[in-house]
Amino acid sequence: MSTATMAALSDTLAWLAVLSYAVGAALFGFELAYRARWAGLAGMAVAVAGLGANAGAAVARGLAAHRVPWGNMYEYSVMVGVVTVSAFLVWVVRRREVRPLGVFVLLPAVLAIGIGALVLRTPAGPLVPALNSGWIKIHVAAAIIGSSVLCLAAIFSVLYLVKDHFERRAAGLRPPLVAGGARTADRVEVRQAIASYVEEEAEASDDQPLPARTVWDRMPSAKRLDDLAYRTTAFAFPIWTFAIIAGAIWAQSAWGRYWGWDPKETWSFITWVVFAAYLHARATAGWRGRGAAWIAVLGLVALLVNFYVVNIWVVGLHSYAGV
Amino acid sequence: MAVQTPESATRPGPGQPHQSLGLAVRQAWREFRSMRTALVLLFAIAAASILGSLFPQRGISPQRVAQYLADHPGVGPVLDRLGMFDVFGSAWFTAIYLALLTALTACLVPRARAFARLLRARPPRSGAALSRYRNTATFDSALPLEQALAVAGRVLRRRRFRVAVHGDSVAAEKGYLREAGSLLFHVSFLLLLVGLAYGKGWGYRGQVTLVEGETISNTRVNYDAFTPGRWYGPEQLPQFSLRLDDFSNSFWPSGQPREFASRLTAVDAEGRTQRQKVGVNRPMTVDGTRVFQSDYGYAPVVKVTLNRPGGKSTVPQDGPLLTLRDQPTEVSNGAVKLPMLDPQVGLDVTMFTGFRLTQGPDGRAEIGNDPRLVNPLLVVFPWRGDLHADQVQSVFTLDRTDLRPLADRPLLIPLGATKELPGGLGTVSFTGVRQYTVLTLARDPGVPIVLAAAVLILLGLLPSLYVTRRRVWVRAVPAGPGGLRIEAAGLALQGKTAFADEFRDLAAELGREVERSPRSGGRDILGSVDAGDEAPARSPSE
């Protein structure tokens, strides 16, 4: 097939993926709202089909441009879809209780590819000389995986915050159990002991679900969501760290300096610092739980700024990435 | 991980006032190295970086800073005073990261000491009855006590636990790599800073421009821009010469740039010759100095001959004229300044690489340019008046404030042609096209240290996130005639869910080894609080 047909095929497959993910999200949402197991299973099938189309779109694009399919913002967006949805499918296989979260994974994938295709699309073409290096395979791939999974982690933190709100309202618990006040070491220990006891109680009560009143009652417990958000962050954070290091090595060989506070570098650093703060906060009395989750929300904002705002509105060395 | 500080013993009780300054200082110090402070400083550094990305930075583009100052005469100077145009080199940014690193060191020292103590000490016996743990198992065994404990020790060692025997019980612990990794991760940031400071202080960066065929020596005067470190002087520049043998650039059929590279010859002080094609992403190293391809441009060879009174003629310009290339059209602009004439004359020179006239949609002719060097054409606009050549100005442009056009039509000079300047001033010839390259030369002796630090950061990060610390105790209690009841309990400080499975496995193996199957096992839901002295999973980096 000629490169032009390949490029056209890629575009068609990308829209097919958006469509499948949207249908899949609707099915998962239906399952969540009406406890229809068939809808969840159908959603899985549609999501798998969508992933096939999405991966096909990436491969066809790569064949059309004769290079890795992540050389500009549109292709990055398509790859974000591939990474988030496949990460989600792997989770569902390993932990079935994650499935109700499908709608919150597929909708961002729809948004990412949709915005990419409508706003950021550029025709398939070769790379500018600065991008023409073996490092694009390593640095950008790591950045795509790291940022996509960190996005998912932050979305889980948002879900945790909402679920936690409902749980607290249902239990009539007063939130400031561990916040403020005493600072000395032994009080911290007491607070931590109480906090861990409460956590275990919550975990124990998770086994006997109360009759569902809202959709949120059918979501995993706040503790599970918090745990999921943490594990996801812990998985992606080293990848993001590696992406930054690989980028620095590339910058050293392309521009003669490993770090120059270029806007993209700066925002990658900000994102890294915010998620580092999240990991620290989760191990700090008075911050774990909701405090940490709010930091993850800041991390999500930093990721979005880094991708959309910095690439489109800020002039920098990474601007050639192409809109 | 618990960090016992000596200060905590002398802390005043609640309600008791701080009587000495020393106590207050200690209190402040403890607060300073707490995780809370670290979080605040992390947020501060993130917020400061945002400022650095909002305002143009001198280190990245001084032109945009100048533009900003010109556009905002009111707030501009104030922002400048606050260091907003050099955020990452400002005193307050330095203060934040130094405070962060000081707090980091202050918290690392006690942690490292505690970790060293932990490594020297044997895994401690359980402070509580084993039945109170979340993960428990009990077996019967006919083995003698010592042998039963030896079997338990063997099973645990096989699973890479550190094992200690305390009388009738065995204590085992594993997952030390978590704290070791976390310490390595944090210490590596100090190393990173050392490498950064060393490279910045003892290195330099500069830019040189070389026309094809030209040779320059690596001395300060040949640099267009030169940024040395605090402890690096121009006299330290290694002695070598650099020659641009040939420059090549190519384009995709769409006109998009494909590649550009300089073929360079370097000759060092000992006369060793080094030839390399230096392209984007393909630097060259000469005597410890790295040479990077940055930019390029065109230098049309222009000869200007002026008719002077008395039938004589002078040639004020004969050679490559540096021009500034516009992207992506590849049309370049330059200027020839003739201040010796009265009135002064300036030539505005535009070079097309592939001049072409096309018919626009409305039928009018449109000027286009092929980025490839297929049809070079010079377009020369002569101007007359005052050049202001005594003032600091760009070599690429004319200051037109006091200039008037000398002719109403420009001179179009194809390659190899000569055209008359109006008014019998003289002639302009376009005799050839050469290209010039802009190279970045840099020396950063800190790079190996920074790279090592980055690798260590990653190596430390992985175990600090994924390894979990867990303890297992096995106790043998005499039960019945010649029999033993073997109790086992396990505790994980992190990853409790995964440990429940691991403990079940371990208990099953232990049961087989003591030749009895487990009598009961798994989780006891009622009243299962992790034993008191172990329960608080203290923050990993207080």
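Colleague: Let us start with chain A. At what angle do H1 and H4 of chain A pack, and how far apart are their axes?
Modeller: In this predicted model, helix H1 (residues 3-34) and helix H4 (residues 102-120) of chain A pack at about 155°. Their axes are 8 Å apart.

Colleague: Are H1(A) and H4(A) roughly parallel or antiparallel, then?
Modeller: Angles over 145 degrees count as roughly antiparallel, and H1(A) and H4(A) are therefore roughly antiparallel to each other. Their crossing is left-handed.

Colleague: Which residues meet there?
Modeller: From H1(A), the residues include Trp15(A), Val18(A), Tyr21(A), Phe28(A) and Leu32(A). On the H4(A) side, they include Val103(A), Leu106(A), Leu107(A), Val110(A) and Ile113(A). By class, the contact of H1(A) with H4(A) has 16 nonpolar, four polar and no charged residues.

Colleague: How is chain A divided into domains?
Modeller: The domain assignment gives domain 1 (1-126) and domain 2 (130-323) of chain A. Each of these domains gives 21 residues to the contact.

Colleague: Which helices of domain 1 of chain A supply the side that touches domain 2 of chain A?
Modeller: H1, helix H3 (73-94) and H4 of chain A each supply at least two residues of that side. H3(A) has the largest share, with seven residues. The side of domain 1 of chain A that touches domain 2 of chain A divides into 15 nonpolar, four polar and two charged residues.

Colleague: Now the two chains. How many residues are in contact between chain A and chain B?
Modeller: The contact involves 45 residues of chain A and 49 residues of chain B.

Colleague: Which elements of chain B supply its side?
Modeller: Helix H2 (35-54), strand E8 (257-268), strand E11 (289-307), strand E22 (426-443) and helix H8 (447-466) of chain B each supply at least two residues. H2(B) gives the most, with 12 residues. By class, the side of chain B that touches chain A has 31 nonpolar, 12 polar and six charged residues.

Colleague: H8(B) interests me. How does H7(B) pack with H8(B)?
Modeller: Helix H7 (residues 176-201) of chain B and H8(B) pack at about 160°, with axes 7 Å apart. H7(B) and H8(B) are therefore roughly antiparallel to each other, and their crossing is left-handed. The contact of H7(B) with H8(B) has 21 nonpolar, seven polar and one charged residues.

Colleague: And E8(B), in what strand order does the sheet run?
Modeller: The sheet is open, with four strands in the order E5-E7-E8-E9 (chain B) and antiparallel pairing. Strand E5 (215-217) and strand E9 (273-279) of chain B are the edge strands, each pairing on one side only. The twist averages 25° from one strand to the next.

Colleague: How many bridges join E5(B) and E7(B)?
Modeller: E5(B) and strand E7 (residues 240-251) of chain B pair over three bridges, in the antiparallel sense. Ser217(B) stands opposite Ser241(B) in E7(B).

Colleague: Lastly, which domains does the assignment give for chain B?
Modeller: It gives domain 1 (6-10 + 19-115), domain 2 (132-175 + 468-542), domain 3 (200-290 + 440-452) and domain 4 (298-434) of chain B.

Colleague: What separates the centres of domain 3 and domain 4 of chain B?
Modeller: The centres of domain 3 and domain 4 of chain B, taken over C-alpha atoms, are separated by 31 Å. Their contact takes four residues from domain 3 of chain B and five residues from domain 4 of chain B. By class, the domain 3 side has two nonpolar, one polar and one charged residues.

Key: Residues are numbered from 1 along each chain as its sequence is written. Chains are lettered from A and ligands numbered from 1 in the order in which they are written. This is a predicted model: local features need pLDDT of at least 70, side-chain atom pairs count only at pLDDT 80 or more; totals for chains, interfaces and linings use all residues. Axes are lines fitted to C-alpha atoms, for helices over the stretch in contact, and angles run from 0 to 180 degrees between N-to-C directions. Angles under 35 degrees count as roughly parallel, over 145 as roughly antiparallel, 65 to 115 as roughly perpendicular and the rest as oblique. A crossing is left-handed if the near helix is turned anticlockwise from the far one by less than a right angle, and right-handed if clockwise. Two residues are in contact if their C-beta atoms, placed from the backbone, lie within 7 Å. Ala, Val, Leu, Ile, Met, Phe, Trp, Tyr, Cys and Pro count as nonpolar, Asp, Glu, Lys and Arg as charged, and the others, Gly among them, as polar. Domain bounds come from an automatic or database domain assignment. Two strands pair if DSSP finds at least two bridges between them.
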